[in-house]
Structure formats: structure tokens, C-alpha cells
Protein chains: 2
Amino acid sequence: MKVEVNGRFEDYRTVWMKDSIVHMIDQLQLPYKFTVHRSEDHRKTAAAIKNMVVRGAPAIGATSAYAMAQAACEFPGGDFLSFLRHMEAAKKLLEETRPTAHDLAYAADSMMRELKKAASVKEAKKQLTAAAAKYADDSAERCRMIGVSGAGLIKDGARILTHCNAGALGCVDYGTALSPIRYANDRGKKLFVYVDETRPRCQGSKLTAWELTQERIDYVVIADNAAGYFMKKGDVDLVIVGADRVTANGDVVNKIGTYEKAVLAKENGIPFYVAAPKSTIDARLRTGDAVEIEERSGDEVLYAWGEADGAIRKVRIAPEGAKARNPGFDITPARYVTKIITEEGAYSPREAVKAIR
Amino acid sequence: MKVEVNGRFEDYRTVWMKDSIVHMIDQLQLPYKFTVHRSEDHRKTAAAIKNMVVRGAPAIGATSAYAMAQAACEFPGGDFLSFLRHMEAAKKLLEETRPTAHDLAYAADSMMRELKKAASVKEAKKQLTAAAAKYADDSAERCRMIGVSGAGLIKDGARILTHCNAGALGCVDYGTALSPIRYANDRGKKLFVYVDETRPRCQGSKLTAWELTQERIDYVVIADNAAGYFMKKGDVDLVIVGADRVTANGDVVNKIGTYEKAVLAKENGIPFYVAAPKSTIDARLRTGDAVEIEERSGDEVLYAWGEADGAIRKVRIAPEGAKARNPGFDITPARYVTKIITEEGAYSPREAVKAIR
């Protein structure tokens, strides 16, 4: 992704490894300050995942792969059995950082499989370093291809609504929902994006707005309450969002508020696209109703976090003692989804599930 | 309305006058601190309206009536012509505080009509003081009657969603959307309220939550994004909101986000009620499309205001230089509205407009 640093555009990934040091764009400081967080060893990398310096399923998958490569390189001796135990401990440490993150465990598992192919500790260190780099490259490439798949759906002059951050910052690069937008913008199409602020965590106003600023794509932030207003006015040509999971019948599990936007899009005859890599499709689950929805801390609703006087502050926006409910995700039934855009093409929800079989 | 002060419940109105001093619940300090703002003269009362110590159409209408009574009492001499000029100046000062507030000008106008009936300055002072008190009493009574009209629609055990603050704080007392809820609660019905936080100004999490806390009505604050989630889950029995204006065809102009909730209610088979005094129905406007929607400052979206360390602070929740759009209201077509609840009864949108003719 493009990042403007001291007036010059530079190309960044969300996470990368150089000389055994894992580098991450520090998302805790965004959109206020662009800094790169450096983790010298796998424990620090695990801590960075836990503290949400890096977030978003594909991004923490790649970070976890890099952390496993770091752990391998940190091992001092040559005894393969001790090495294996060391690596199992590293994997456990990583898995405990974000227990519900499927990509994180998946990446650590594939590194373990890679490791077991090696003939020696020395060889394993080399192979894991290469495998982690390949994991990140493949992940980025899948997102780039989502952009290619979705390009035809975004016409010159399109006015697009997006919800939450399904951008490069949640992936290794390119993003999911933002990938077709980037692709179209790079090819000179003129675009305008309505960015839902996405309460309670404001990933829209904080992260998506930051990414679009960097890419010089025209946008406005709107209150989540205003999305329907602009749709009804005829100011939105299409909606595009990411997905945390897609079930066998094409239901989409994504950030809270996605369902509201999907219903409003349908009501106003606006296409509603979901951009997600094939790995998001979970054919073991028959419908979205089988997915348990994480209920997060009510404090995210009762407080707001933002910048004042150069520091990030927490302010209370409700009465003392108020209670809140805070479901993190919702389920959008397949009938509201026009197409699911994957790295292999854009399909109707039912076709998408068949296509991955 | 009930307010808990030092552990005891006391009965308050949003605004009242005693010994020529206008008292207002200071809404700039809510929900953090309950204080009563005192205005000794009509200029200070006008300033309190301008600074939004008091807000909400019926509440500022009554405040404006009280300010006119204050202005009358402040006049020193006995010359009726000078008195009239003094009163015209007071009316102008009031009208300039919130230029788009219809109730404010309406109240000042009725005070002027009252004044012209008086035979002397002395008599006018007496009459205006009585007329302002009557204006506030009538306004409160209309809201109380909305509660009576809507009572039958709220069953024991009802789970209610509301948006913004259509409570006692926006009126002289009782509220509009909150009036039937108060009435049902007072009669011992067990209720549960989902309070939309109502970004960008958070009147839900700040004011409605505060009122429900005082009334000991069970509630949770939710992100506006979560309303659809709870509706789809079957956790919401009815939605009730206020209105800024109702047009001749039954379209409802109200706080941004109302349209989204109405569409979601219809999609999920949930009744959607609008509570508003008859004076809100503007039969001169054929449909909602004729209403110009106020676009407010984007800063309301790009910043949040809340309490930290005992002070109210402003924090930035978007990148520096980000732009926002901030429509303050939206239009809900009549077909999404189940009933309009007025002080004279609950009607279908079309019937409501006929009923006022």
C-alpha cells in the first residue's frame, strides 16, 4: 500500500520481516501517527499481536508465520527434538494471543508442517524463513487478485459505500473490500467513497479513512446512521464490505452493522458486494445461524478513544453506571448479497461456495 | 420527570420560572453532572438557548415564552409604546438564538399577541407571566397525553428500541417517544429499552440513557450498528421514536438514522411508532422530499465529546484533514410507519394528517 512519509509516497506492507526482525505498521497509533513497530524476537511479535499493534485475520496470520520463523532462528543448539519442543511452545504462545483467530493458528500449523520436512535444525531455520515469506507473499497476492476479480464491478465515477476496515491494514497488502477500489483507482477510474465510521471501534473513520487518504482516493466519513440517507438519495452506486466468515449457504458473518447496510442496499436497489479470499468460506457451517457471535466489552460503546493534545485519550459518552450490549459481528443472509468477490472471480453467494469445493 | 438528587427522587421539569428567574436543567453537563442553570434576565435566558443549555423544540419554545415574560417584567417605565419596542427587541434577540427553531418563534409570537391585549404595562407584565406559565403547562400536558395515547401499544414485558432523545429533556416534561414508556413504567409494566447511541451527537447514550437511569427503567446502550442485529434476533418487540416534522402524506422527518431503523423494523415485521404532538404535523408540505435537510458541521463526525478526569473533552477519531458529511435528519416514508402517536390518539400516518384538519 502507498504511505505518504515526509511528503513522499513509499510502498509498505502491513507486516514484513527483515534480518530476523518483524516490522509492523503500528495500528494502535493510526490514524494519528505513522510508525513502524519492530519486534526482535518471537515473544515480542506475539505480544504485538496480543496488544493489537497488528489486527485483521490475514495480517495476523502472516505475522504468526513470521513469529514462527523468528522462533526457529532463535533456537541455539542442533538437537532436533529440543528444537521441536521449543517450536511447539512458540506455537502455543502465539495461539494464546488471540484465541478466536483462525488464520493465526492456521499459519502456525503450516509452519509446523514445513518444519517437520527439514532434515536438520539448520535446514529448518532456512526453510521456515522462506516459508513465512512465501506465506505473506501468497496472502498479499490473493488480496491483489480480489482486486482484479472485482475491477469490472466498479465503473469510472462510481460512488461506493464501505463499512469497517477491510483494507490493506487488515491484510498483508491491498485489502479485501478495498482491493478492487485500489485497483480501479490505480487504473485511473475516478471514485468517491462513503466511509461508515463503524462504531463502536471506528475502524472506518480511523483506518479506512487513513488508507484512502494515503491513496488519494476521494472520500467522506459518515456516521453509520447516515448510510441509509445517502443510499435513499441515490448517491451510492454500490456497497462493498469484507467478511469474517461465509457459510455454506452464502450467509456472511462480518462486522456489526453489515446486516443493516445490506438490508438498506436491497431496499434501495443497490448492489451489495462482499470481498473475501476463498479461505473465508467455511463450508462446514450450513448457515450463518450456526455461528456464535462474540459479545465484546460494553466499554467500547460507553467510551470513545481519540486524540487530544498529542495523546490518545478515553472519554465517557454515557452516564456513569450505564450498561451496554456490544455484539462484535452480525449475520447477513445470502439473499441480500449480490456477489462474493474472491481471488478467483466474483460469484453469487451460492456459486461461491460451490466454486471452492 | 424523576431525577435522583442525593439519593432522593425529586420531580423536575426541563425548564420553569420562579420569582422571575428562569431555571433550566443544564443539558451541557448531562449525563455527567445534574445542575440547574439560573437565568436572572431575558438576555441570559436567550444566551442559554443559544449555547444549548436547553435543547429540543418544545423545551426551547417554553423557554422562549418565559424569556418574553422576563423581558416584560424588566421594563422600568409605564409608556406602552416604549414597552412594545422593548418587547420587539427581546423577540428579535430570541429568534436569532436558533434561527431554524419553529417553536421558539411560535412561542415568542404568541406572547406578543397576548401582550397586545393588555391595557397597561403593569397588566401586560402580569398577563405575560401567566401566559408563559400556561404555555409551558399546555406543552407538558400535550406530552403527557401522548403517553396516554400510546399506552395500549406497550405491553407488559415489552422490549423497545428507541433512537435519539425524544425524552422529557427535549420537552417541558414527559417527552414524546419516552412518554408512553414512562406511562407504562409508572403503571408497573416491566420494560426493557435498547437505546441507540445516536451518533454523531450521542443523544441516545447521553440523554436518553440518563433519563431512563433516573426513571429506573431497564436499558442497554447499543451502537447504532447493532439495532438491526437485535431486531433480526427477535429481541425487539417495537420501535418508538420522535419526529421533527410530519408531512401531509405521513412522511416523518427525524434524527439521522431513523430511516435505517424504520426499514429494518419493516424487514423484520416489527411495529414502528412515531410519537409527536399534533403541532409537528406540517400539512403545508406534501411529502418529505419537500423538506430541506440541514447539513451540520463534519466535526461532529470527526470528533467525539466525552468526560475524562472530571472535564468534558473533545477527541479526534479520524485522520487529520479527513472530510465528513453530516446530514442532521433523514426522511422516513410513511409506508414504514405503523402509527403516529399524538396527544389525541394513535393513527396510521394518513389518518393522523386527516385528524388534525
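Predicted model: local features only at pLDDT ≥ 70, side-chain atom pairs only at ≥ 80, totals over all residues.

Q: How many residues does the largest nonpolar core have?
A: A:Met231 turns up again here, as one of the residues with the most contacts inside that core, along with A:Val239, B:Met231 and B:Val239. In soluble globular proteins, nonpolar side chains tend to get buried together. The size of the largest nonpolar core is 78 residues.

Q: Are α6(A) and α7(A) roughly parallel or roughly antiparallel?
A: Helix α6 of chain A covers residues 178–186, and helix α7 of chain A covers residues 203–215. They pack with axes 12 Å apart, at an angle of about 15°. Angles under 35 degrees count as roughly parallel, so the pair is roughly parallel.

Q: How many charged residues does the contact of α6(A) with α7(A) have?
A: From α6(A) come A:Leu178, A:Arg182, A:Asn185 and A:Asp186, and they meet A:Thr208, A:Glu211 and A:Glu215 in α7(A). Sorted by class, the contact has one nonpolar residue and two polar ones, while the charged count is four.

Q: How far apart in space are B:Tyr347 and B:Glu300, C-alpha to C-alpha?
A: B:Tyr347 sits in strand β18 of chain B. In sequence, B:Tyr347 and B:Glu300 are 47 residues apart. In space, C-alpha to C-alpha, the distance is 35 Å.

Key: Residues numbered from 1 in each chain as written. Chains lettered and ligands numbered in written order. Heavy atoms only, no water. Axes fitted to C-alpha atoms, helices over the stretch in contact; angles between N-to-C directions. Helix = DSSP H or I, 4+ residues; strand = E, 2+ residues; numbered from the N terminus. Parallel < 35°, antiparallel > 145°, perpendicular 65-115°, else oblique. Contact = heavy atoms within 4.5 Å. Nonpolar A, V, L, I, M, F, W, Y, C, P; charged D, E, K, R; others polar. Core = buried A, V, L, I, M, F, W, Y, C linked by side-chain atoms within 4.5 Å. Buried < 20%, exposed > 50% of the residue type's maximum accessible area, 1.4 Å probe, protein only.
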